[in-house]
Amino acid sequence: MGMGDDIKHNAEEMKGKAKEAVGDATDNERLQAEGQTDQAKANLKKAGDDIKDAFTGDR
C-alpha cells in the first residue's frame, strides 16, 4: 500500500471516530452510525490493500 493510501485511510477512520464521538455527545444515533460506517469502510480498504500487497510483495 502506498504511503498516500495509508494516510488517506487513517484520515477516513479518524473522521469516522470524530463523527461517532459527536453523535455520542449529542445523542444523535444517525451520526453515530455514520461514524461507525466510515470507520468500517476505512478498515475494509486497509484490509484490501494489505491483501493486494501480500500478492504483489509490496510490503
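Mentor: We'll go from the overall shape to single residues, and keep in mind that this is a predicted model.

Trainee: Okay. How many helices and strands are there?
Mentor: The protein has two helices and zero strands.

Trainee: And is it a compact globule or more spread out?
Mentor: It is more spread out than a compact globule, because its radius of gyration is 14 Å, well over the 10 Å that the globule rule gives for 59 residues. Along the principal axes, the C-alpha trace spans about 45 × 15 × 10 Å.

Trainee: What share of the residues counts as buried?
Mentor: Of the 59 residues, 25%. The accessible surface comes to about 4100 Å². Carbon and sulfur atoms own 57% of that surface.

Trainee: Let's take helix 2. Which residues are buried there?
Mentor: Leu31, Gln32, Gly35, Asp38, Gln39, Ala42, Lys46, Asp49 and Asp53. Helix 1 is part of what covers them.

Trainee: How does the span of helix 2 fit its 28 residues?
Mentor: It agrees. At 1.5 Å a residue, helix 2 should span 40 Å, and its end C-alpha atoms are 41 Å apart.

Trainee: What sits at the ends of helix 2?
Mentor: Asn28 caps the N-terminal end. A side-chain oxygen of Asn28 lies 3.1 Å from the backbone nitrogen of Arg30. After the helix comes Gly57, with a positive phi near 75 degrees.

Trainee: Which residue other than glycine has a positive phi?
Mentor: Asp27 has one, with phi near 55 degrees. Most residues other than glycine have a negative phi. Asp27 sits in the loop between helix 1 and helix 2.

Trainee: Is Asp27 buried or exposed?
Mentor: Exposed, because its relative accessibility is 68% and the cut-off is over 50%.

Trainee: New topic. How many salt bridges does the structure hold?
Mentor: Six. Side chains of opposite charge can pair when their charged atoms come close.

Trainee: Show me one. What does Lys45 pair with?
Mentor: Lys45 forms a salt bridge with Glu12, and the closest N and O atoms are 3.1 Å apart. The pair links distant parts of the chain: Lys45 is in helix 2, Glu12 is in helix 1, and they are 33 residues apart.

Trainee: How open are those two partners?
Mentor: Lys45 is partly exposed, with a relative accessible area of 40%. Glu12 is buried, because its relative accessible area is 15% and buried means under 20%.

Trainee: What does Glu12 touch, leaving out residues up to four places away in sequence?
Mentor: Asp38, Lys41, Ala42 and Lys45. Ala42 and Asp38 are among the buried residues of helix 2.

Trainee: What about Lys19? Where is its salt bridge partner?
Mentor: The side chains of Lys19 and Glu34 meet in a salt bridge, at 3.4 Å from N to O. Lys19 is in helix 1 and Glu34 is in helix 2, 15 residues apart, and this pair also links distant parts of the chain. Lys19 counts as partly exposed at 25% relative accessibility. Glu34 counts as partly exposed too, at 29%.

Trainee: Which other salt bridge does Glu34 form?
Mentor: One with Arg30, where the closest N and O atoms are 2.4 Å apart. Shared partners join Lys19, Arg30, Glu34 and Asp38 into one network of salt bridges.

Trainee: Why are Arg30 and Glu34 about one helical turn apart?
Mentor: Because they are four residues apart in helix 2. Arg30 counts as exposed, at 54% relative accessibility.

Trainee: Last one: Gln32. Where is it, and what does it touch?
Mentor: Gln32 is in helix 2, which runs over residues 29-56. Leaving out residues up to four places away in sequence, Gln32 touches Glu20, Gly23 and Asp24.

Trainee: What do the side chains of Gln32 and Asp24 make?
Mentor: A polar contact, at 2.3 Å.

Trainee: And how far apart are the C-alpha atoms of Gln32 and Gly16?
Mentor: They are separated by 8.6 Å, with the two residues 16 apart along the chain.

Conventions. Residues are numbered from 1 along each chain as its sequence is written. This is a predicted model: local features need pLDDT of at least 70, side-chain atom pairs count only at pLDDT 80 or more; totals for chains, interfaces and linings use all residues. Side-chain values use heavy atoms; hydrogens and water are left out. Contact means heavy atoms within 4.5 Å. A polar contact is a pair of N or O atoms within 3.5 Å; within protein, one must be able to donate a hydrogen and the other to accept it, and residues adjacent in sequence count only if both atoms are side-chain atoms. The expected span of a helix is 1.5 Å times one less than its number of residues. Buried means under 20% relative accessible area, exposed over 50%, partly exposed in between (1.4 Å probe, protein chains only). A salt bridge is a side-chain nitrogen of Lys or Arg within 4 Å of a carboxyl oxygen of Asp or Glu. The radius of gyration is taken over C-alpha atoms; the globule rule is 2.2 Å times the number of residues to the power 0.38. Accessible areas come from the Shrake-Rupley method with a 1.4 Å probe; for residues, only the protein chains shown count as cover.
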